[in-house]
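Here are some notes on the aromatic side chains. Have the model open while you read.

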Amino acid sequence: MFWTVTLSLLEGFMTTLELFALTLLFAIPLGLIIAFGSMSKFMPLKWLSKTVVWIIRGTPLMLQLIVVFYGPELIGGWFGELGIDNPIFNWLAGMKGLDRFPSVLLAFVINYACYFSEIYRGGIESIPKGQLEACQVLGMTKSQAFFRVVLLQVVKRIVPPMGNEIITLVKDTSLARTIAVYEIIWNAQKFIKNGGLLWPLIYAGAFYLIFNGLLTIIFAKLEKKMDYFKA
Amino acid sequence: MAILEVNELKKSFGKNEVLKGISLSLDEGQVMSIIGSSGSGKTTLLRCINFLETADSGKILVDVDVIFDGEDHSKHKAKETREKQLKIGLVFQQFNLFPQYNVFDNVTLAVKLKAKEREDYKANKKQILKEINEKAHKILCDMGLSDKIDSYPWQLSGGQQQRVAIARALALEPKILFFDEPTSALDPELTIEVLKVIKSLKTMGRTMVVVTHEMEFARNVSDKVIFMADGVIEEEGTPEEVFDNPSSPKTSAFLSKSFE
Ligand SMILES: Nc1ncnc2c1ncn2[C@@H]1O[C@H](COP(=O)(O)OP(=O)(O)O)[C@@H](O)[C@H]1O
Ligand SMILES: [Mg+2]
């Protein structure tokens, strides 16, 4: 029994890991784009970015998951009912929802990119103006100033809040089960339904604990690595 | 022959006219002190000359080359401005060292980035970098920092940090070095240490413009003193003229307050 459970949990955990890794892969750069958007001097872009961030941060991730999964099909359907014959809407209506995993991933990426963007923005805005001015009077270009001087200081400042957010992401992956993506808790819960076993669920908790423990160590190492300077 | 010439420089922030037509000139190798109460526009003047602010009108010439002309500054391209920027150096009140670089890298970073733009950089890379490093060592030695080369800014006293900032500015070989209250963030002992360094730069023939509240320093080191009040040059002359025989009552009032 133990091995059956372990295998099943491992299988679920692979899905969890995949969702976790892919979310980071896309959300980390997308967050930077959104951060630059919300700091832009071009007002429409600034307000668009800020509004998106406001909506995403102001609503539950679970709701966003459901909207992304069922939304396209439903929206396509409405337009169909309204008698609007448009290939895009027809295509949407015929989709029967996005595939489960991609739609979960999409919702996670958007959600986390918004949270990351706020962390980046806070980090960038907290760098004293004097740093950029010093770069400028020393004749550096704007990109030299950003990459050679500002960036590492920003990274140092955002590592702790990013660490927190990323550990939250590990736990949030369990929301994928809302639209029946078989992550680890879904698999653990099967054993309650089928065999009345509670311990697989606790066992699943151990997976999270160990993984987050590892992440905590990695982030502590990163912080330590940048201890040589103060900013 | 004047190495710095400023003509009728004006700058407003909204409705607040901060510089109401500043004209001054300075010869090579001379030191000019700018004094005046807080809010009189000293920082704004330095920032305009260093392109951190864009003046509304007026002209700035360095070494007979027009670096700013209010009439057509919109035509200036970023690259051109950068070239012109390098003719002048600025030392800030708050040092603004780069915290993640050690002293040596703080001093050489901008110079090395600049060297990369040279056409012969690829061919002579080793030689070029060697020269930059040697020069940085020499400047740091002049600043009395040879034993601090590997330190990071947070490990240094304020006075040492400011000397690093001066070395960093010198490494780019500016024709004129500007200081905005370089000792205002420092304790008295550290102030003396930094003022000594600036004095030693004068003996090396550096052209400098120093905004300062250190009246003794202004009197002893400057060739020229300018007193600014409400965005105009209220009084200018040799230290003796300004400090001993001020012609404007505003100057006398400011000085008597400063020496209280
Ligand atoms: N970026 C700015 N925006 C608006 N007002 C400014 C700005 N910089 C300076 N000022 C104003 O300009 C005036 C002169 O300031 P400043 O040049 O710093 O004087 P000083 O260096 O002589 O103390 C002050 O009234 C100040 O409030
Ligand atoms: Mg000032």
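**Aromatic pairs and charges over rings**

1. A:F207 has a relative accessible area of 15%, so A:F207 is buried (under 20%; over 50% would be exposed and in between partly exposed, with a 1.4 Å probe and protein chains only). Keep in mind that the model is predicted, with local features needing pLDDT of at least 70, side-chain atom pairs counting only at pLDDT 80 or more, and totals for chains, interfaces and linings using all residues. Residues are numbered from 1 along each chain as written, chains are lettered from A and ligands numbered from 1 in written order, and side-chain values use heavy atoms without hydrogens or water.

2. Over all chains there are 18 aromatic pairs (Phe, Tyr or Trp rings, the six-membered one for Trp, with centres within 6.5 Å; planes under 30 degrees apart are stacked, over 60 edge-to-face, the rest tilted). A:F13 and A:F207 make a tilted pair, because their planes sit at 55 degrees, with ring centres 5.1 Å apart. This pair joins helix α1 (residues 2-38) to helix α9 (residues 199-225) of chain A, 194 residues apart (helices are DSSP runs of H or I, at least four residues, numbered from the N terminus). A:F13 is buried too, at 9%.

3. A:F20 and A:F211 are edge-to-face, since their planes are at 85 degrees; the centres are 5.2 Å apart. A:F20 is buried at 8%, and A:F211 is buried at 16%.

4. Ring pairs link a cluster that includes A:W3, A:W199 and A:Y203.

5. Two lysines are worth a look. A:K230 lies over the face of B:W154, 3.6 Å from the ring centre (NZ of Lys or CZ of Arg within 6 Å of the centre and within 35 degrees of the ring normal). A:K156 lies over A:F229 at 4.8 Å.

Definitions and conventions:
Helices (H or I, at least four residues) and strands (E, at least two) are DSSP runs, numbered from the N terminus.
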